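Have the viewer open and try each task before reading on.

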Amino acid sequence: MLASFAAELLKLRKRPATLILWTIFGLSIVLLGYLLTYLLLTALDGGASLQGPRQDAPVAAKGAVAELYPRNVLATTLRSFGGIGAGVALIFGALSVSGEYGWDTLKIVLTQRPGRLSVLAGKVTAVGVVVLVGAAAGLVLGALCSYSVSLAEGAPVSWPSAGRWLEALGAGWLILATNAYMGLFLAVLLRSGALSVGIGLVYLLVVEGLLTGLAAFNDRLETFVGALPGRNSTDLVAAFGQSALTPQSGPLPAEPVEPQQTSLVLAAYLTGFVVLSALVFTRREVTS
């Protein structure tokens, strides 16, 4: 298993798609989470008074800029994890396995000594490690951006405690890993990169978004949506602080949900995707 893990980690490190995907994730934090938001809010702060009807806009914009300060870095940065980060992680998880079917390298690997479970365990562990590095890098980028905003505004710098940073890292990893293992499971099930990525993104961007929008009109549907991974990701991010800024990870929950509950739900999805992947991988032919 250790040899499979080392080989898989080397493969992921050398593959250009890994760097491209996680660069997109980092850019989403820097550009969408901070830079564009800051530029829009400062423009509104300086020019809205000339618009007439929205006399309160500059005050609201100045308050919203405070959401970008270091004391709110965890809530602001984690919003990207459940939004663009979820899509990036899903594609990364799918591509980590699907290429093996397309290139027929999986058959070569399995004719060597490691068993199927050892090969899959190596892939799952390597994906989890890369996701952990991506989550940590995302939080570091958020910290740098929030520090830059604080310097630009001349605001005092106040950071969350070390314990909150560790909790945010765990929450961010859980959100990204759940989506990465969903993509990995779809790739094992469908044995196709394009199909697994397409179906996964349709679910994330269309199906769950549509159900979330309709849930406001039906209590039973609201209960069902409350059990989906996307809603639980949003609820988990909200545990680090509500924000006046528009969330990237979906609408904020109407009522606060305990982070322990949302973490358990996401952990159950994560475990379920890994177990299902193992069942399919060990019981079916690997030819595409």
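**Exercise 1.** Which handedness does the crossing of H1 and H7 have?

*Solution.* H1 passes H7 in a right-handed crossing, the near helix being turned clockwise from the far one by less than a right angle. Helices here are DSSP runs of H or I with at least four residues, numbered from the N terminus. Before going on, note that this is a predicted model, where local features need pLDDT of at least 70, side-chain atom pairs count only at pLDDT 80 or more, and totals for chains, interfaces and linings use all residues. Residues are numbered from 1 along each chain as its sequence is written, and side-chain values use heavy atoms, without hydrogens and water.

**Exercise 2.** At what angle do H1 and H7 pack, and how far apart are their axes?

*Solution.* Start with the ranges: H1 covers residues 2-14 and H7 residues 116-153. Their axes (lines fitted to C-alpha atoms over the stretch in contact, with angles from 0 to 180 degrees between N-to-C directions) are 8 Å apart, at an angle of about 45 degrees.

**Exercise 3.** What is the span of H7 from its first C-alpha to its last?

*Solution.* H7 has 38 residues and spans 55 Å, close to the 56 Å expected (1.5 Å times one less than the number of residues). Just after H7 comes Gly154, with a positive phi of about 70 degrees.

Methods: Helices (H or I, at least four residues) and strands (E, at least two) are DSSP runs, numbered from the N terminus.
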